[in-house]
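Biologist: Can you walk me through this one? I'd like to start with the charged side chains.

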Amino acid sequence: MVLMPKESAKLVAGLAKVVFIEEAGVKKLALAVLDGLKTGKIREGNFSQIKYHPKPDDPRAADWIFVLDTLNFSFWTETGAKKWRVNGETGYFAFCAAVSRAIDQGKPMWDPKYYSRITQQDAEVIFRGDDDEVGIPLIHNRVKGLREAGKVLLDKYKGTFAECVKSCEGSAKKLLQLIVNEFESYRDEADYEGHRISIYKRAQILVGDIWACYEGRGLGEFRDIDSIAMFADYRIPQVLVHYGAMRYSNSLMSKLRSDEPLKQGSKEEVEIRACSIEVVERVCDEVRRLIAADSKLDLNPTDVNAIVIDHYLWDYRRQYAEELEHIPFHKTRTIYY
């Protein structure tokens, strides 16, 4: 049996040897999140702030998001190497820009009939960088993931991801389960201390992106959106360490500082990602407690969940990139994040 992300996180956090959660930092981060909610900086619709994301009134939106999240992994650059850039953007934004550019040039990127037959040569053209020497990492895996996913949609879901969403009848949990059962590249699992655990970063972000794009309405209406945990990647832990909500052992910190990559599924990598999820769960609980305790606040405990906190942390990391650079991030070359 595979433990779901929240249960996995609780288990790993309780047994972790090199990553530790600090309650004082959790409280400090909770106050920052509460402040963001009060000022409106944190809200459901943050998804639409990214200029390359589809708008909810675009009939292709759900399928466009599906393609983005099927390929949403491994954008970091080796130390000292040239960054992959598209239209001057780097990382995830470069990737979104490449997909948008392909759509503008008449390639139906959202259509599984197109991408289920995509070749590596096609992908090299679609994801070409501003500098011909630098390409997107793991291109072979991206082609494989797209082809597999496209085939499943065509064979079982009338050729559209919207059909997957509808079949789950407003349950985020059901949709998460469907994604990891049907699409192999989303099966982000590992073995830890005799337990089969899951992180499901891309599967969860796919559910979260559908919810955020449609602002919790229509196709994006989920009665149990709270069942989704944060999206454990390699960047958000930097912010959690910065806030003092998460701490690394000296041995892990020196390994990260020496730029030694962590193997996907290794104890250190699993502990960093699982403890990130547990930290955000605790922050969420604390923010809800603060809201409930202050009747003067024009907020509802349901205004906060792991997804809006994740968006806040991701935006924070981008806004304060230089300040956070002294905190090393773990480098794992994988299709899962």
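Modeller: Lys 10 is exposed, because its relative accessibility is 56%. Exposed means over 50% relative accessible area, buried under 20%, partly exposed in between (1.4 Å probe, protein chains only). This is a predicted model: local features need pLDDT of at least 70, side-chain atom pairs count only at pLDDT 80 or more, and totals for chains, interfaces and linings use all residues. Residues are numbered from 1 along each chain as its sequence is written, and side-chain values use heavy atoms, with hydrogens and water left out.

Biologist: Which residue does Lys 10 form a salt bridge with?

Modeller: Glu 278, with the closest N and O atoms 3.5 Å apart. A salt bridge here is a side-chain nitrogen of Lys or Arg within 4 Å of a carboxyl oxygen of Asp or Glu. Lys 10 sits in helix H1 (residues 5–15) and Glu 278 in helix H13 (residues 267–293), so the pair ties together parts 268 residues apart in sequence. Helices are DSSP runs (H or I, at least four residues), numbered from the N terminus.

Biologist: Is Glu 278 buried or exposed?

Modeller: Buried, at 4% relative accessible area.

Biologist: How many salt bridges does the structure hold?

Modeller: 27. Another one pairs Asp 155 with Lys 151, at 2.8 Å between the closest N and O atoms. Both lie in helix H7, 4 residues apart, about one turn of the helix. Asp 155 is exposed, with 53% relative accessible area.

Biologist: And Lys 331, what does its side chain meet?

Modeller: Asp 259, in a salt bridge of 2.9 Å, N to O. Lys 331 counts as buried at 10% relative accessibility, while Asp 259 is partly exposed at 34%.

Key. Helix = DSSP H or I, 4+ residues; strand = E, 2+ residues; numbered from the N terminus.
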